[in-house]
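Notebook open, structure loaded. I want to look up a few things and jot down what I find.

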Amino acid sequence: MHRRSLSGLVVLLVLTGCVSVPFDYPKTPGTATASSGDTEMGRFAAEWALEHGEDSGFLALGSGNDALGARLKLIEGAEVSIDAQYFLIKPDQAGGLFIGKLLRAADRGVRVRLLVDDIFTPGLDSQLTLFNSHPNVEVRLFNPLSRQSSKAWNMLVDFKRANRRMHNKSFTVDGGVTIIGGRNIADEYFEIKPDVEFDDFELLAVGPVVAEVADAFDLFWNNELAVPIEAFDVDYDAAELDRWRSDMDQVVSGTIDSVYAGAINSRLLQDISEEVLRPMPAPAYVVTDSPEKLKGAVGEEEHMLLIQELGRHFNNAEREIIIVTPYFIPRRSGVEVINGWLERGIRV
């Protein structure tokens, strides 16, 4: 029995060693760019503040084509910084356009910071490492899996940590404008695949709320779970950056019915440029769970800020609660809560 236990311990130690992650890799703390009158976005934000004070402004991005076009337009207009935080980026048309445009912005001197959750990232290590090789680009992976073993081994041996993921999504340019909402960077989120029915929703925002989104980005960017991509020592060919640029030149100069042309000339963007459509002013603030939540036990109350804040608003509702979600798993306790709302005469 003693010999079996010892053998089991050795196997466990070997497996655990195969899922080590360089969380101690050195990195420099970063800070989001403050909105400034030296940039076009900053001047727009300043004009908004003069007119609307502490209210932020919002435009709905209900269409995937509008949402892609808004990102591309913002990247093209960026002058100082771009901070992008996503759960998922795919190497498809949307992902290629997004990263290619970010590369072109970096070529203009724009500082680009890209923070991506790592559960679906390992297959993109070479591309992200190549992107990160640009002097104006930094890529960090959030709560990365070990590269010494497969994803399956990571989940088997280190499930408690590996199963905790970052779903935050934000895209902030020059500290003046941000996009927040449900979309990741992949074709299905931007309705590029005609055979896929996929609906999502985001807000383009200006005003005081942008600085709060930027602070939330920094909270995750500077956390110990955010590991620089260079920590994984992936080989890459620096000459590939030039091929990437050439490919991007062909994409953006493509036909009028290309994905790029369709997004950049969307009806929503035309209405914004012609001032037919203006942001809707409203008071707003940002709530996000801390990245520390991923380090503690599931359900620890001190890390459940988002659900507590949502619960407070739900419980204060007087007439109506509208919920749009891809996941609805209320369990018994959730059903009891919803029944409580209905008994109070609230329409859900």
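Which residues is serine 170 in contact with, leaving aside its neighbours within four places in sequence? I'm working from a predicted model here. My list for serine 170 reads Asp83, Ala84, Gln85, Tyr86, Ile179, Ile180, Val213 and Phe217.

Next I looked up where serine 170 sits: it belongs to strand β5, residues 170-173. I then checked its exposure. Serine 170 has a relative accessible area of 4%, and the cut-off for buried is under 20%, so I put serine 170 down as buried.

On to strand β7, residues 202-206. I noted that β7 is mostly covered, with four of its five residues buried. Then I looked up its partners. Strand β1 (residues 56-61) pairs with β7 in the antiparallel sense, over five bridges. In that pairing I found alanine 60 opposite leucine 203 of β7. Strand β6 (residues 177-181) also pairs with β7, again antiparallel and over five bridges. There I wrote down valine 177, which stands opposite valine 206 in β7.

How many cavities of 30 Å³ or more does the structure hold? I got one. For the largest cavity I have a volume of about 40 Å³. I listed its lining as Phe87, Leu88, Ile89, Val116, Asp117, Phe120, Thr121, Leu124 and Leu128. Sorting that lining by type, I get seven nonpolar residues, one polar and one charged.

Notes. Residues are numbered from 1 along each chain as its sequence is written. This is a predicted model: local features need pLDDT of at least 70, side-chain atom pairs count only at pLDDT 80 or more; totals for chains, interfaces and linings use all residues. Side-chain values use heavy atoms; hydrogens and water are left out. On a 1 Å grid over the protein atoms alone, a cavity is a set of points where a 1.4 Å probe fits but cannot get out, and a pocket is an open set with protein on both sides within 12 Å along at least five of seven lines; lining residues have an atom within 4 Å of a point. Grid points are joined across faces, edges and corners, and a volume is the space filled by probe spheres set on the points. Ala, Val, Leu, Ile, Met, Phe, Trp, Tyr, Cys and Pro count as nonpolar, Asp, Glu, Lys and Arg as charged, and the others, Gly among them, as polar. Helices (H or I, at least four residues) and strands (E, at least two) are DSSP runs, numbered from the N terminus. Buried means under 20% relative accessible area, exposed over 50%, partly exposed in between (1.4 Å probe, protein chains only). Contact means heavy atoms within 4.5 Å. Two strands pair if DSSP finds at least two bridges between them.
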